[in-house]
Amino acid sequence: FYSYEGPKSISASSSRLCLSYCLYFFILCFEIKKMGFRSAAKGLFQSISAFRGVRSFSDFSQRGMRTAVAVKEEGFGSQNPQRKINLEQKSTLTDKFGRFHNYLRISLTERCNLRCQYCMPEEGVKLTPEERLLSSDEIQRIINVFVEDGVSRIRLTGGEPLLRRDLGDIVEKASALRPQGLREIAMTTNGITLGRKVSELKKAGLDAVNVSLDTLDPFKFQILTRRNGMEKVLDSVQRALDEGLKVKVNAVIIRGVNDDDVDGFAKMAIDRPLEVRFIEYMPFDGNRWDRSKLVPYMELVERLQKQYPSLSRVSHEDGPNAVSRLWHAEDWKGRIGFISSMTDHFCHTCNRVRITADGNLKVCLFGNDELSLRDAMRSGATDDDLRDLIHGALQKKKARHAGMFQIASQTMRPMTTIGG
């Protein structure tokens, strides 16, 4: 095997290669027993054939390890014809720690019709000129590349994505990629105008919405968002449920501001089939983060268990890359979750990458490293060039974020320009 720099020694990697083959053999035996020789052999051939074009022996053995895991996840023999195993695709979105990134969050705009205190300063933020934001075609191209390489979930964010006039077209074009393996199209919104557009978006292919709502008190809503409209948000939540969308309500809890709303939010899950998620207060540029304002998730759990003694963890419903720890109480139609980004991070299972509205790739929400896919596309980059850039950026992704105090001390974009 040869790399671009020339021939490489294979002796140092032989043990890893043997381990790769052992994993293949073990999984092959298991699958033959479960589904027969022909289907299992077909899947093995597909995965091994993807080794063509490797650049070094080290890459070969590493890909063997990843493919064994990928094949086990997806199933030998391509039982799902919409999701064939392709090792080149798997490796594009896999970082050096073995985390496979199948979840793309793409921001459609920096503009927002609210001014939430934890998201941006009161005076707003300096917006990127329109010509430097991603066009609809560029957004679609990025989505295509990521889905072809293994992304199965897409979340449209902002700013407020509903302010984008071509949102319906973006959702519809993304939905057309389901035969290639896309399973879910979701959107994060403040809900102000969702009620008017939810039916249209459901028809276009939207599957789920996360609605940001940080209080159930109209006066406090005006203080937190610096705008009116809480009743519109609550109406949007109900309309989304009526349309059959999967609904989550996100509340950023800030001590001394809205931590007394927690019980009211929990009650929403009693008679509605939705998930209320309590998010720890995170530091971003301009939001005046302070450690004393952070309410650790376990403090909230203990508080709610006093009110609802049957509240218990439902860890069996967590996905392998879940960010929300789910809890449920007896006779509830819904459930509550806790996102503990600050006090108990989940970096080791992170499967998310972000594209900002101006086309920058961020591999970590709390990292300042960004790579412009917009500039690459406008300079004539091919889809394979984009894949190389994406893969290179993921190889620089750290094992975990720097910690809440280090994050708070560094200058970061406001959340509205990153994408919520």
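**Note on strands and aromatic pairs**

1. Tyr-308 is buried, with a relative accessible area of 11%. The cut-off for buried is under 20%, so Tyr-308 at 11% falls into that class. Keep in mind that this is a predicted model. Trp-332 also counts as buried, at 9% relative accessibility. Both residues return in point 5.

2. Start with strand E7, residues 246–253. How many of its 8 residues are buried? The count is 7, and the strand is mostly covered. In a regular strand, side chains alternate between the two faces of the sheet.

3. Next, the neighbours of E7. Strand E6 (residues 208–212) pairs with E7 in the parallel sense, over 5 bridges. One place to look is Val-209, whose bridge partner in E7 is Val-247. Strand E8 (residues 275–280) also runs parallel to E7, and 6 bridges join the two. Here Ile-253 stands opposite Glu-280 in E8.

4. Now the rings. A pair of aromatic rings is described by the distance of the centres and the angle of the planes. The whole structure holds 5 aromatic pairs. One of them is Phe-265 with Phe-278: the ring centres are 6.3 Å apart and the planes stand at 75°, so this pair is edge-to-face. Phe-265 sits in helix H10 and Phe-278 in strand E8, so the pair links distant parts of the chain, 13 residues apart. Phe-265 is buried, with 0% relative accessible area. Phe-278 is buried as well, at 2%.

5. Tyr-308 and Trp-332 make another pair. Their ring centres lie 5.2 Å apart with planes at 80°, so the pair is edge-to-face. Where do the two residues lie? Tyr-308 is in the loop between helix H11 (297–307) and strand E9 (312–313). Trp-332 is in the loop between strand E10 (325–328) and strand E11 (335–339). The pair therefore ties together parts that are 24 residues apart in sequence.

6. Which residues form one aromatic cluster? They are Phe-265, Phe-278, Tyr-297, Trp-327 and Phe-338. Phe-265 of helix H10 and Phe-278 of strand E8 thus belong to this cluster.

7. Arg-153 lies over the face of Tyr-103, at 4.1 Å from the ring centre.

Technical notes. Residues numbered from 1 in each chain as written. Predicted model: local features only at pLDDT ≥ 70, side-chain atom pairs only at ≥ 80, totals over all residues. Heavy atoms only, no water. Buried < 20%, exposed > 50% of the residue type's maximum accessible area, 1.4 Å probe, protein only. Helix = DSSP H or I, 4+ residues; strand = E, 2+ residues; numbered from the N terminus. Pairing = 2+ DSSP bridges. Phe/Tyr/Trp six-rings, centres within 6.5 Å; stacked < 30°, edge-to-face > 60°. Lys NZ or Arg CZ within 6 Å of the ring centre and 35° of its normal.
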